[in-house]
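Dear colleague,

Please find below the structure that I am handing over to you.

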Amino acid sequence: MDNLTIVLEGGAFRSLYTSGVLDVLIKENIEAKCVIGVSAGALTGMNYVSKQIGRSRDININFRDDKRYVGIEALKKEKGLIGFDYLFNDISKYKNIFDYETFKNSKQEFISVVTNCETGKTEYISKSECDQNRIYKSVQASSSMPLCSRMVKIDSNHYLDGACSNSVPINIPLERGDKNILVVLTRDINYRKPPVSKTMKKVYKRVFTKYPKLIEKLYTIPDRYNETKEYINKLEKEKRIMVIQPQKEVTVSRLERDKEKLKALYLDGVFDMENRLKELKDMIKINK
């Protein structure tokens with residue numbers, strides 16, 4: 001196992017970029033000791049730990065037009081635009097089988113990042129603490145975008161997308177003193193989130209009226225995200241971390257329908273990671 005911690009940003013279908021990056025790492029037998037995933041980054045990270053090259057790519061492209069996965073059927077049955085029950089049951093058990101045994105038995109630490117709707121705080125759920133049902137729920141919660149997905153109940157609390165409270169949890173490996181940190185982003189270096197509009201604030205306030213702490217987090221996502229991006233840029237310049245991110249503006253939307261754009265974004269991830277493999281291997285070797 002390599003002395004490497006990987007932090008994975010979300011971005012829904014923009015995670016095709018992340019899939020390309022991680023598939024290269026699997027092919028190169030680079031096995032990080034810890035994988036920290038937010039939102040779609042958690043979903044993609046699971047397939048890295050289970051060592052299933054192409055699985056994230058194939059599901060998001062081959063099932064994109066299946067309305068049970070994304071669309072009206074998912075909304076009717078699961079009260080959200082993403083059919084997580086369909087993903088974790090029908091798809092993962094019968095159509096593109098998830099290798100849970102390899103995932104479970106891997107010595108790699110896997111952490112999914114979620115937002116507690118009652119407290120508004122970030123929580124980190126490790127696979128070492130979970131059975132199969134709980135890890136699936138934690139990843140579903142991490143990937144459940146506000147307004148697009150229903151809340152996920154775990155024990156007595158309700159959870160949504162980890163990106164509501166911590167879009168890129170670089171704090172975890174830094175606080176632990178990890179030496180080799182690879183951050184995979186799904187936006188280019190210049191991207192910054194615009195402020196939340198007055199209209200969207202009204203929508204948040206109406207929909208999540210019972211969760212005032214969550215509303216506070218939703219209002220401040222852009223400010224916190226942009227501060228984190230600046231901090232990541234600083235850490236990269238200081239060579240304290242390595243960052244892989246798209247080299248041009250990403251035009252793929254969160255629920256992108258254009259499969260050719262999705263395929264191209266995946267290949268961008270493959271290309272960028274292959275071009276920086278030597279740099280990554282050198283970092284791991286130097287800081288063993």
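In what follows, a residue is called buried under 20% relative accessible area, exposed over 50%, and partly exposed in between (1.4 Å probe, protein chains only). The model is predicted, so local features need pLDDT of at least 70 and side-chain atom pairs count only at pLDDT 80 or more, while totals for chains, interfaces and linings use all residues. Residues are numbered from 1 along each chain as its sequence is written, and side-chain values use heavy atoms, with hydrogens and water left out.

Buried residues make up 56% of the 288 residues in the protein. Along its principal axes, the C-alpha trace spans about 50 × 40 × 40 Å.

The structure holds 19 salt bridges, each being a side-chain nitrogen of Lys or Arg within 4 Å of a carboxyl oxygen of Asp or Glu. Side chains of opposite charge can pair when their charged atoms come close.

Asp-178 takes part in two of the pairs described here: with Lys-33, the closest N and O atoms are 3.9 Å apart, and with Arg-176 they are 3.2 Å apart. Lys-33 is partly exposed because its relative accessibility is 29%, whereas Asp-178, at 14%, counts as buried. Arg-176 is partly exposed at 39%.

Arg-192 is partly exposed at 26% relative accessibility, and so is Glu-230 at 47%.

With kind regards
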